[in-house]
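Okay, thanks everyone, I'll keep this short.

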Amino acid sequence: MGAAEAGLMAVTNTSGPDQGAVLHHGNPVAEQRAMVQGRAVVDRGHHQVVTFTGPDRLVLLHALTSQAFEGLTVGTPTTALVLSPQGHVESGLEGVDDGETFWAITAVSYTHLTLPTTPYV
């Protein structure tokens, strides 16, 4: 039974970058326990999905983040901090590589970025 069927009211975030995102459906402790037990999911539809493709995608991600992406096993989820050229943390991401594409989810929009189309060295 979903939250709507149970008659629960969604409580949403009213400000900041997550404005409009559902915080909980009336019983945050029970909902957290259900998530830990694998009986619930979190709606992260307000986050951005960014994909990286090509044979050098993991080399590029290794250079731009705090994570050692080279040698990442296909299907292994990972978390990384995105770094500025000066090494400062700009944001974070979570993702997984499927062997052809690295799929990242992040709260920050990267639509303004244009990455080089030539191989990254």
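Let's start with Thr106. Is Thr106 buried or exposed? Its relative accessibility is 3%, so Thr106 counts as buried. Bear in mind, by the way, that we're looking at a predicted model here. Thr106 sits in strand S6, and its side chain gets to the backbone oxygen of Gly92 at 2.9 Å. If you skip everything up to four places away in sequence, Thr106 touches His47, Gln48 and Val50, and also Ser91, Gly92 and Leu93.

Two of those names, Val50 and Leu93, turn up again in the largest nonpolar core. That core has twelve residues: Val50, Phe52, Leu58, Leu60, Leu61, Phe69, Leu72, Ala80, Val82, Leu93, Phe102 and Ala104. Which elements supply at least two residues each? That would be strand S3, at 48-53, helix H2, at 57-64, strand S4, at 78-83, and strand S6, at 101-106. H2 is the top contributor to this core, with three residues.

Once you leave aside its neighbours within four places in sequence, Ala80 is in contact with Thr65, Ser66, Gln67 and Phe69 on one stretch of numbering, and with Ser91, Gly92 and Leu93 on another. So much for Ala80; now Phe69, please.

Phe69 is in the loop between H2 and S4, while Phe102 is in strand S6, so the pair ties together parts that are 33 residues apart in sequence. Both Phe69 and Phe102 are buried.

Next, charges. The structure has one salt bridge, and the partners are Arg57 and Asp97, with the closest N and O atoms 2.7 Å apart. Here too, distant parts of the chain are linked: Arg57 belongs to helix H2 and Asp97 to strand S5, residues 89-97, and the two are 40 residues apart.

Now over to the start of the chain. Val11 is in strand S1, residues 11-12. Val11 has 33% relative accessibility, which means that Val11 counts as partly exposed. Its C-alpha atom is 5.7 Å from that of Val22, although Val11 and Val22 are eleven residues apart along the chain. Leaving out neighbours within four places in sequence, the contacts of Val11 are Ala21, Val22, Leu23 and His24.

In secondary structure, we have two helices and six strands, and along the sequence the pattern reads β-β-α-β-α-β-β-β. The protein has 121 residues, and 21% of them are buried. Of the contacts with a separation of 6 or more, 35% are between residues 24 or more positions apart. As for the surface, the accessible area is about 8400 Å², and carbon and sulfur atoms account for 57% of that.

That's my tour, and I'm happy to go back to any of the residues.

Definitions and conventions. Residues numbered from 1 in each chain as written. Predicted model: local features only at pLDDT ≥ 70, side-chain atom pairs only at ≥ 80, totals over all residues. Heavy atoms only, no water. Core = buried A, V, L, I, M, F, W, Y, C linked by side-chain atoms within 4.5 Å. Buried < 20%, exposed > 50% of the residue type's maximum accessible area, 1.4 Å probe, protein only. Helix = DSSP H or I, 4+ residues; strand = E, 2+ residues; numbered from the N terminus. Contact = heavy atoms within 4.5 Å. Polar contact = N/O pair within 3.5 Å; in protein donor to acceptor, adjacent residues only side chain to side chain. Salt bridge = Lys/Arg side-chain N within 4 Å of Asp/Glu carboxyl O. Areas by Shrake-Rupley, 256 points an atom, 1.4 Å probe, with all protein chains shown as cover.
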